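Here is a short report on one protein structure. Please look over the sequence and the coordinates before reading on.

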Amino acid sequence: MQDEVRSYDIALCDPTHLQVLNEPGRKPETKSYLFCIRGGEPGKEVILYQYNATLHKDFLLEFFEGFEGYLQVDGQNIFDVFEADSNITLVYCNAHARRKFEAIAKLAKKPGLAAVAMEHYKEIYKIEREAKNEKMPPEERFQLRQEKSKPLIDKFEAWLLEKARTTLAKSSLGLAFEYALKRKVGLRLFLEDGRLEVDNNGIEQKNKDFALGRNNFLFSYSVKGAHALGIHQSLIVTAVAHGLDPYQYYCYILERIPYCKAIEDFEALLPWNVAKILRAEKLDIAA
C-alpha cells in the first residue's frame with residue numbers, strides 16, 4: 001500500500017494526535033502523531049495511518065522517499081522539509097487559510113478586511129461546488145478553474161499584498177495575511193491540475209472519523225499497539241473506500257494469508273483486488 005502511494009504523482013498528508021501510555025523516555029500524557037496519508041492512482045486509492053512519536057520531519061522524508069509529484073498538506077512547519085526537494089511540489093490547503101480570516105470575521109462587530117477575505121473564499125468554493133455537482137472529470141474541472149477561479153485568485157493576491165501593509169504584523173489579522181501570503185504559491189497550485197483539490201478537507205475527514213474511535217479507546221498502551229492500530233485502521237478505511245465490508249474483508253484475507261508464498265499472493269489481497277474478485281464472483285452467481 002505504501003508503494004502505491006509513492007508510485008502515483010498526487011498524495012495528501014495530515015497528522016492527528018495519538019496518546020501512547022507506555023513509551024520509553026516519554027511521559028504517558030505526551031501526545032504523538034498518527035499521520036493519515038492518502039494516495040494511489042484511480043482504482044487503487046490508499047488511505048494509510050502511520051504512527052510517529054518524534055522527529056516528524058525525518059519520518060516524512062523517509063516515507064516520501066522516491067515520491068515525485070504534488071503533496072497536498074496544511075501549513076504546518078513540519079512540511080517545510082520538502083521545500084528544498086525538487087521532486088515534490090507542496091500544494092497548500094485553502095480551507096486552513098480561510099479559517100484564519102473566519103475566526104476574525106466572527107468576532108468583528110462590523111464587516112472589515114476579514115469579511116472581504118471571506119467573500120473571496122465564498123466565490124472560490126462556489127466554483128468548486130459547481131464542478132462537484134456537475135461531476136466534472138479532471139480535464140473539465142481544470143478548464144472551469146482557469147476560466148473562473150484563476151482571475152479571482154489573481155485579484156485576491158493583489159488585494160492581500162495591498163492590505164497587508166495596513167495591518168499590524170503581530171495582530172490576528174496581520175498573522176492571517178502573513179499565513180496566506182507566505183503560502184500563496186502553494187495555495188493556487190490547485191489551478192494547475194484538475195485532479196488536485198482546493199483544500200485538505202477530504203483527508204481531514206478521515207482523521208475526524210479516526211477521532212470518533214479515539215474518543216472511545218482513548219489511547220494506545222504501547223508503541224507496538226500504536227503501530228498495529230495504524231495497520232488495522234489503514235486496512236479497514238481503505239477497504240471501505242473500495243466498497244468492501246471490513247468484517248468480510250478481514251475474513252477473506254485471514255483465510256488466505258497462510259497460503260501466500262510470493263509478493264504477488266499478498267498483492268492479490270489488497271482491497272481493490274479483493275473488490276474486483278468479489279464483484280466478479282457475484283456476477284458469476286447472477287449469471
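The sections below cover strands, helices, a surface patch and salt bridges.

The model is predicted. Strand 4 spans residues 69-73, and five of its five residues are buried, so the rest of the structure largely encloses this strand.

Strand 4 has partners in strand 1 and strand 5. Strand 1 (residues 10-22) runs parallel to strand 4, joined by three bridges. Strand 5 (residues 88-92) also pairs with strand 4 in the parallel sense, over five bridges.

## Helices with a buried side

Helix 2 covers residues 56-63, and His56, Phe59, Leu60 and Phe63 are buried there. These residues cover an arc of only 95° around the axis, which puts them on the same side of helix 2. Their cover includes helix 1 (2-7), strand 1, strand 2 (31-39) and strand 3 (46-52).

In helix 10, the buried residues are Tyr249, Tyr250, Tyr252 and Ile253. They fall within an arc of 160° seen down the axis, so they line one face of helix 10. Tyr247, Gln248, Leu254 and Glu255 are exposed on the other side of helix 10.

## A nonpolar surface patch

Leu254 is also part of a nonpolar surface patch with Ile257, Ile263 and Phe266. Together these residues have about 390 Å² of accessible area. Ile257 sits in the loop between helix 10 (246-256) and helix 11 (263-267). Its relative accessible area is 37%, so Ile257 counts as partly exposed.

## Salt bridges

The count is 15 salt bridges. One of them joins Glu197 to Arg141, with the closest N and O atoms 3.3 Å apart. This pair links distant parts of the chain, 56 residues apart: Glu197 is in the loop between helix 7 (184-187) and helix 8 (201-217), and Arg141 is in helix 5 (residues 138-164). Glu197 is partly exposed at 35% relative accessible area. Arg141, at 13%, counts as buried.

Glu157 and Arg188 form another salt bridge, with the closest N and O atoms 3.1 Å apart. Glu157 lies in helix 5 and Arg188 in the loop between helix 7 and helix 8, so the pair ties together parts 31 residues apart in sequence. Both Glu157 and Arg188 are buried.

Arg195 bridges to Asp193, with the closest N and O atoms 2.8 Å apart. Arg195 is partly exposed at 29% relative accessible area, whereas Asp193 is buried at 15%.

Definitions and conventions:
Residues are numbered from 1 along each chain as its sequence is written. This is a predicted model: local features need pLDDT of at least 70, side-chain atom pairs count only at pLDDT 80 or more; totals for chains, interfaces and linings use all residues. Side-chain values use heavy atoms; hydrogens and water are left out. Buried means under 20% relative accessible area, exposed over 50%, partly exposed in between (1.4 Å probe, protein chains only). Helices (H or I, at least four residues) and strands (E, at least two) are DSSP runs, numbered from the N terminus. Two strands pair if DSSP finds at least two bridges between them. Patches are made of residues with over 30% relative accessible area and no salt bridge: like charges are joined within 9 Å, nonpolar side chains (Val, Leu, Ile, Met, Phe, Trp, Tyr) within 5 Å. Accessible areas come from the Shrake-Rupley method with a 1.4 Å probe; for residues, only the protein chains shown count as cover. A salt bridge is a side-chain nitrogen of Lys or Arg within 4 Å of a carboxyl oxygen of Asp or Glu. The arc is that of the directions from the helix axis to the C-beta atoms. Contact means heavy atoms within 4.5 Å.
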